[in-house]
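Me: I would like to learn how to read a protein structure. Could you take me through some features, one by one?

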Amino acid sequence: MDLFKLRDEFSQDGIILCFNGPFSHSIIEEIGTAIRNHLSAENSPPMAVQDVFAIYIEMSQNARNYLFRRNMTCESGSATILIARQDDAYVVTSGNVILNEDVDDLRLRIDHINALDRDGLKKLIRQQLRAEVAPGALGAGIGLMEMAKRSSGRLEYSLRDIDGQHTFFTLKALV
């Protein structure tokens, strides 16, 4: 692997941070601290630092929780997180393997969230917070909504079939 070439590509694409591997709570926390420190050192607006950090946390926890819940290990149990600067904005992107049986539900949830305006999104978040948490759930189920609320545009996603049973899911948010 040519790290010099990789470094040049990262610089050209404005990539600040890229992690590829299994997420643990300590890795999520350490990377989060590094992101906050880096963005603060760049004199980024405090609100942008908070939004990038919050979206990073939601993306990494969503990927970790999904992979844990679906008992995915080895390479399929890894996730990729990338944070880049593009002009005056930050782009937070995550990617992980999901089961094909989960694709339609995920697509519907994101499309529904993207169809809402700010007030509709706030209302949906309030409803979800008041709803009972499903047995076995790892949270209130508002991660995607929180990302959409903090993003300056719609959540972008792509799905790439891997082998007929698994799909690589990529999610992108702009701050």
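Reply: Gladly! Let us start with lysine 172, which is partly exposed because its relative accessibility is 30%. Buried means under 20% relative accessible area, exposed means over 50%, and partly exposed is in between (1.4 Å probe, protein chains only). Please keep in mind that this is a predicted model: local features need pLDDT of at least 70, side-chain atom pairs count only at pLDDT 80 or more, and totals for chains, interfaces and linings use all residues. Residues are numbered from 1 along each chain as its sequence is written, and side-chain values use heavy atoms, with hydrogens and water left out.

Me: Which residue does lysine 172 meet in a salt bridge?

Reply: Here is the general idea: side chains of opposite charge can pair when their charged atoms come close. The term salt bridge is used when a side-chain nitrogen of Lys or Arg is within 4 Å of a carboxyl oxygen of Asp or Glu. The partner of lysine 172 is glutamate 156, at 3.8 Å from N to O. Lysine 172 belongs to strand β5 and glutamate 156 to strand β4 (residues 156–161), so this pair ties together parts 16 residues apart in sequence. With a relative accessible area of 46%, glutamate 156 is partly exposed.

Me: What do the words helix and strand stand for here?

Reply: They are DSSP runs, numbered from the N terminus: helices are H or I with at least four residues, and strands are E with at least two.

Me: How many salt bridges does the structure hold?

Reply: There are eight salt bridges. One of them joins the side chains of aspartate 51 and arginine 150, at 2.8 Å from N to O. This pair links distant parts of the chain, 99 residues apart: aspartate 51 is in helix α3 (residues 46–69) and arginine 150 in helix α6 (residues 143–150). Aspartate 51 counts as buried because its relative accessibility is 11%, while arginine 150, at 26%, is partly exposed. Both belong to a network of salt bridges that links Asp51, Glu146, Lys149 and Arg150.

Me: Where do aspartate 105 and arginine 109 lie, and how many residues apart are they?

Reply: They are in helix α4 (residues 103–115), four residues apart, so about one helical turn separates them. Aspartate 105 and arginine 109 form a salt bridge, and their closest N and O atoms are 3.7 Å apart. Aspartate 105 is partly exposed, with a relative accessible area of 44%. Arginine 109 also counts as partly exposed, at 41% relative accessibility.

Me: Which residues gather in a patch of positive charge on the surface?

Reply: First, the general idea. A patch is made of residues with over 30% relative accessible area and no salt bridge; like charges are joined within 9 Å, and nonpolar side chains (Val, Leu, Ile, Met, Phe, Trp, Tyr) within 5 Å. Accessible areas come from the Shrake-Rupley method with a 1.4 Å probe, and for residues only the protein chains shown count as cover. Lys and Arg count as positive, Asp and Glu as negative, while His and the chain ends are not counted. The place of a charge is NZ of Lys, CZ of Arg, CG of Asp or CD of Glu. In this structure, the positive patch gathers Arg118, Lys122, Lys123, Arg126, Arg130 and Arg154. Arginine 130 is in helix α5 (residues 118–130), and at 68% relative accessibility it counts as exposed.

Me: And which residues form the patch of negative charge?

Reply: Asp2, Asp8, Glu9 and Asp13 gather there, on the surface. Look for aspartate 8 in helix α1 (residues 3–12); with a relative accessible area of 32%, it is partly exposed.

Me: Is threonine 167 buried or exposed?

Reply: Threonine 167 counts as buried because its relative accessibility is 5%. It is found in strand β5 (residues 166–174). Its side chain makes a polar contact of 2.4 Å with the side chain of asparagine 100. A polar contact is a pair of N or O atoms within 3.5 Å; within protein, one must be able to donate a hydrogen and the other to accept it, and residues adjacent in sequence count only if both atoms are side-chain atoms.

Me: What is the phi of asparagine 71?

Reply: Asparagine 71 has a positive phi of about 55°, although it is not a glycine. Find this residue in the loop between α3 and β2 (79–86), where it is exposed at 64% relative accessibility.
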